Every structure is written in C-alpha cells, then in structure tokens.
Amino acid sequence: MDIIVKNLTKFYGQQKAVDNLSFEVKAGEILGFLGPNGAGKTTTMKAIAGFLTPTDGDITIGRYNVSDNPEMVKQMIGYLPEHNPLYTDMNVIDYLRYMAQLQRIRASKINDRILEMVNVCGLEGEKHKHISELSKGYRQRVGLAQALIHDPQVLILDEPTTGLDPNQIVEIRELIRKIGREKTIILSSHILAEVEATCDRILIINKGHIVADGTADQLRKASSGCECLRITVEDANRNDVVRTLQSIDTVELVDTVADKTDSFEVQSRPGESSRRAVFRACVDNGWVLTELSPVETKLEDIFRELTKQ
Amino acid sequence: MIKKIFKTTSPTLTIACRELKSHFDSLTAYILLVLFLGFSGIFTWIYGSDVFFYGQASLQAFFSTAYVTLFLLIPALTMRTIADEMRGGTIEMLLTKPVTRWQIVGGKYLSVMLLIIIALALTLPYYATVACLGNIDHGAVLCGYFGLLLMSSAYAGIGLFASSICGNPIVSFLISLAIGLLFHIGFGIVGHQFGGIGGQVAICFDMNSHFDSMARGVIDSKDIVYFASVTFAGLFAAEKTLESKTA
C-alpha cells in the first residue's frame with residue numbers, strides 16, 4: 001500500500017516543526033527516516049499514524065485519506081511510538097489481547113495472533129510477566145508485537161531499535177527486513193549504519209525540509225560527485241610522489257594520510273577518473289603500488305554535510 | 001444497523017473492561033469500596049442521625065451519607081483515568097488504534113459507573129435489613145438509588161473532564177473536587193444569598209435540590225434532564241480537551 005504525503009505542514013504554536021514536506025513511499029518499500037533531533041521526524045510519523053492533526057497538507061494511505069477516514073487508515077497501520085508507551089500494570093499476554101481487541105481482530109483469531117507474535121518477537125519466556133518487570137529490550141519487543149498484531153499493511157516504527165543489545169538489534173533488523181517484503185515500512189533511526197542496512201531508500205530531513213532522498217549509493221554519488229582514491233606506494237620519495245601525481249591532468253588534489261608515511265589520497269576533477277593515470281605514473285617511476293582503492297564517502301559525512309546548517 | 005451499533009460500542013466496552021480490571025488489580029477499587037461501605041455504614045447505622053434516630057423504616061439516612069461519600073470518592077476514582085494515559089503516553093497508543101475519542105471517554109466513564117453500581121449493589125443488605133424492621137416504601141428506595149446513580153454520573157462526567165486537563169492525577173483530583181464543590185454547595189449558597197433571577201438560576205444548578213426530591217421518592221423529568229446534562233457537559237468537555245491535545 002502506497003503512502004503519499006503531500007505538502008505536510010505542522011505548527012506547534014509559533015514554531016514550525018514540519019514545513020511543506022512531500023514524499024511518497026511505494027508498497028513493499030522500506031523507507032529510512034533520518035534527521036537530527038527536532039528535525040520533524042517524529043511529528044511526521046505521528047501525523048501519518050493519525051495521532052496529530054496536521055496544520056496543512058494531505059496524507060493518503062492506499063485509497064484512504066488519513067483525516068477523512070481515520071478509522072480505516074488506523075486499521076491498516078501498525079505504529080510503534082517513539083518512547084514506546086505501555087500499560088505497565090498489565091502482563092504481556094493481557095496487553096497484547098487488549099491491543100488485538102482494539103484493532104478489531106475477530107475473537108476466534110485473537111489467541112492465534114498473540115501466540116504468533118510471542119514467537120516472532122521472542123517473548124516466549126516473558127509472556128506471563130508484568131510489563132513493569134521487563135527490561136527495555138523486552139519492552140521494545142512488546143511494542144513491536146503490538147504494532148504487528150493485526151498484520152498491518154503499513155508499519156510506522158519510530159526508532160525501533162533503541163535500548164536493544166547488538167544481538168537483538170540484528171534480530172529486529174532481520175525481522176523488519178523479512179516483514180518488509182510485503183509491507184510498506186517507514187522507520188526512523190539515528191543509527192546511520194542501521195538505516196543503511198535495513199532500508200531501501202533514505203530520506204534525510206532537516207528543520208522540517210527534505211534535504212536528501214534516494215538510496216545510500218545515490219546519496220553518496222550526489223554528495224561527492226568526484227572520484228576519490230586512496231593509494232599506497234612503496235620504494236618512493238614522499239615529495240616526488242606528491243609532485244608527480246599533482247601534475248596529472250585529471251587530478252584535483254593530492255593529500256598525505258596523517259598516520260601513514262607512504263599513503264596518499266587523490267581526488268580527481270569532477271567527472272574525471274585518474275585510476276589509470278596513477279598506475280602509469282607509478283610504473284614509469286618504478287614505484288611499487290600496493291594499494292589503490294576508491295574511498296567511499298561515509299553516510300555520516302553526508303548526513304553531517306546536509307544537516308549542519 | 002445492529003452491526004453498526006456493535007462496532008461503535010465494542011471498543012467502548014473493551015476499554016471499560018480493561019479500566020475496571022485495572023481498578024481491581026491496583027487495589028483502588030477495594031479501598032474505595034471499603035471506604036464507601038465503611039462511611040455509609042457508620043453514618044447509616046451507628047452514628048449521628050442514623051436509621052434509628054429517624055424512627056421510620058426508610059433509607060433517608062443512607063442516601064444522605066452516600067450522597068456526601070460519593071461526592072468525595074468519585075474524584076479519587078476518576079482522577080487517574082485520562083491523566084495517567086497522558087502522563088504515560090499511552091494515549092498515543094490508544095488514539096492510533098481504530099478508536100474514536102468518544103469511545104475512549106465513554107469507556108472510561110462506563111468503567112467508573114460500573115464500579116459505582118457494584119458499590120451500590122453491596123449496600124442492598126441495608127435495604128433488606130430496614131425492610132425487615134418495618135414497612136418500607138419500596139418505590140422511594142428505588143428512586144433514591146436511581147438518584148444516587150444519576151448524581152454519581154454527573155460527578156463522573158466532571159471528574160473525567162478534570163482528568164483530561166493535565167497529566168497530574170492530584171491536580172485533576174483537586175480540580176474535580178473544586179468543580180464538584182461548586183455544584184454540591186456553591187450554587188446553593190449563592191442562590192439562597194441572592195434573590196432575583198440570578199439566584200433562581202443558581203438554584204437551578206444546585207445539585208442538592210435536584211437530589212433531595214429524588215431521595216424522597218419523587219422522580220421529575222427536570223431532575224433527570226439536569227443530571228444528564230451535567231454528565232454530558234463533562235464528557236463533551238473531556239472529549240474536546242483530548243482533541244486539543246492532539247491538534
């Protein structure tokens with residue numbers, strides 16, 4: 001089911017949290033939502049889940065508009081809020097049953113769904129415990145189980161892996177990947193590696209605006225634009241190497257690497273590649289080339305670049 | 001049609017059941033029941049102008065003590081209902097389920113009323129005992145119980161509104177007590193102090209005058225309309241406050 005957000009604007013009093021935001025998520029796509037704190041991620045997700053009424057703009061899920069058909073839309077959405085609020089005075093099974101009833105799952109199916117969720121989310125050993133006795137990781141799983149219990153077409157997960165240990169993070173990522181094959185998922189996170197590992201597409205927002213949209217590779221290409229190589233040369237004089245490489249037509253800049261004496265970073269002019277020329281230069285001068293590898297711009301750098309204003 | 005009615009009532013019932021269960025799980029229900037039965041029992045049977053003081057087989061003594069006890073206990077019962085959901089953030093969980101604000105407020109109201117019905121049902125032995133002592137006017141007793149229910153419903157409405165205002169249960173307890181006090185004695189005092197149209201209007205809002213006639217066994221549609229409107233006004237205000245929190 002497609003999610004279409006059109007010109008979404010949200011004011012909190014005088015403060016503009018989301019400013020004319022528009023994007024689409026196709027069915028079966030996992031969209032990663034990135035942005036610094038206060039960028040408007042959570043506000044946008046709350047508006048899609050139908051909790052906040054937007055000041056302006058339209059949100060459509062499938063054929064239904066969130067503000068016109070809130071009940072229909074809410075039945076199709078599984079939502080995990082940011083701080084994962086739970087009724088701490090209930091035990092896990094009772095809580096899941098309550099959520100299942102509110103999601104209007106047929107009474108005959110409720111027990112099956114609860115058992116399946118307990119299995120999928122790994123709550124087998126904790127299912128009779130009070131939620132107040134659970135650790136943060138297990139609470140997060142209960143939150144996820146609650147979001148998945150009615151087998152929704154659309155999942156909105158606000159920071160789903162906070163508080164989990166590394167093993168659990170991997171498990172939850174795999175779970176999201178698995179269920180993401182047939183569902184539309186929007187997830188927010190501040191762990192960039194996680195977004196890169198789980199999401200098909202990344203949306204970076206800053207101060208309520210979209211600043212980047214695309215796959216991780218597309219973002220890299222768009223942000224750097226120039227080829228950057230890291231080379232290591234042995235049996236050569238440092239200054240000679242820098243001088244020779246700098247004289248190549250396609251090379252923009254040669255830089256030494258701080259902690260290694262025979263490594264260099266070579267940045268080409270936009271649209272040019274200097275790999276072959278670098279190799280030739282080494283051969284001509286009789287230097288031994290032991291490393292020649294493209295340097296990928298890290299997602300962290302792109303993120304910082306785009307959101308630092 | 002029936003399906004549609006079921007669809008709108010079923011989330012309300014689901015919420016009401018969970019609320020009622022959580023009242024009993026957290027001991028609040030037991031403590032309030034004991035307090036209610038204790039107070040009304042002492043003042044009906046043992047102390048002050050009790051049943052024996054009247055010298056008649058009537059439950060007047062019980063109705064007037066229950067009237068005061070419920071006035072104090074209902075705010076304690078309602079104070080956490082919506083305030084806790086807002087403080088814990090679970091209101092976000094509820095409102096992103098296919099549930100309307102009215103169903104949430106309605107479910108909470110229903111759970112409070114169910115608990116009050118349980119409390120009142122537990123006082124039926126009083127009725128049976130007094131009936132053994134002499135000739136009791138069954139109609140008047142029935143009417144008195146009905147009056148207590150209506151009056152509780154009005155305070156439950158006020159309490160839910162107070163609970164929806166902020167996330168602090170103590171503050172909402174005090175607010176609902178303050179609003180309740182206004183209806184309980186405030187309007188009466190104003191009405192009796194000042195004559196004229198203003199005084200007349202104030203008397204109309206006084207809960208005592210509406211309850212007294214019912215406790216004596218007179219059912220007037222005017223009284224029923226009064227209690228129903230106070231209840232509805234409270235629930236309506238609670239729903240609107242909830243709406244404003246998500247705007």
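In the predicted model, the side chains of A:Asp89 and B:Arg18 form a salt bridge, with an N to O distance of 3.8 Å. Two salt bridges are found across the interface of chain A and chain B. Five residue pairs are in polar contact between these chains, both residues at pLDDT 80 or more. On the side of chain A that touches chain B, two or more residues come from each of helix H2 (70–76) and helix H3 (92–102) of chain A. H3(A) gives the most to this side, with six residues.

The contact involves 27 residues from chain A and 24 residues from chain B. About 2,400 Å² is buried between chain A and chain B. Carbon and sulfur atoms give 60% of that area.

Within chain B, B:Ser40 sits in helix H2 (residues 28–46). B:Ser40 has a relative accessible area of 0% and is therefore buried. Leaving aside residues up to four places away in sequence, B:Ser40 touches B:Phe62, B:Thr65 and B:Tyr126. A polar atom of the B:Ser40 side chain lies 2.8 Å from the backbone oxygen of B:Phe36. B:Ala119 is 79 residues from B:Ser40 in sequence, yet the C-alpha to C-alpha distance is 11 Å.

Chain B also carries a nonpolar surface patch of about 910 Å². The patch is made by B:Leu27, B:Tyr30, B:Ile31, B:Leu35, B:Phe39, B:Ile42, B:Phe43, B:Ile46 and B:Tyr47. B:Leu27 lies in the loop between helix H1 (2–25) and H2 of chain B. The relative accessibility of B:Leu27 is 48%, so this residue counts as partly exposed.

Terms used. Residues numbered from 1 in each chain as written. Chains lettered and ligands numbered in written order. Predicted model: local features only at pLDDT ≥ 70, side-chain atom pairs only at ≥ 80, totals over all residues. Heavy atoms only, no water. Helix = DSSP H or I, 4+ residues; strand = E, 2+ residues; numbered from the N terminus. Buried < 20%, exposed > 50% of the residue type's maximum accessible area, 1.4 Å probe, protein only. Contact = heavy atoms within 4.5 Å. Polar contact = N/O pair within 3.5 Å; in protein donor to acceptor, adjacent residues only side chain to side chain. Patch = residues over 30% accessible without salt bridge, like charges linked within 9 Å, V, L, I, M, F, W, Y side chains within 5 Å. Areas by Shrake-Rupley, 256 points an atom, 1.4 Å probe, with all protein chains shown as cover. Salt bridge = Lys/Arg side-chain N within 4 Å of Asp/Glu carboxyl O. Buried area = accessible area lost by both parts, 1.4 Å probe.
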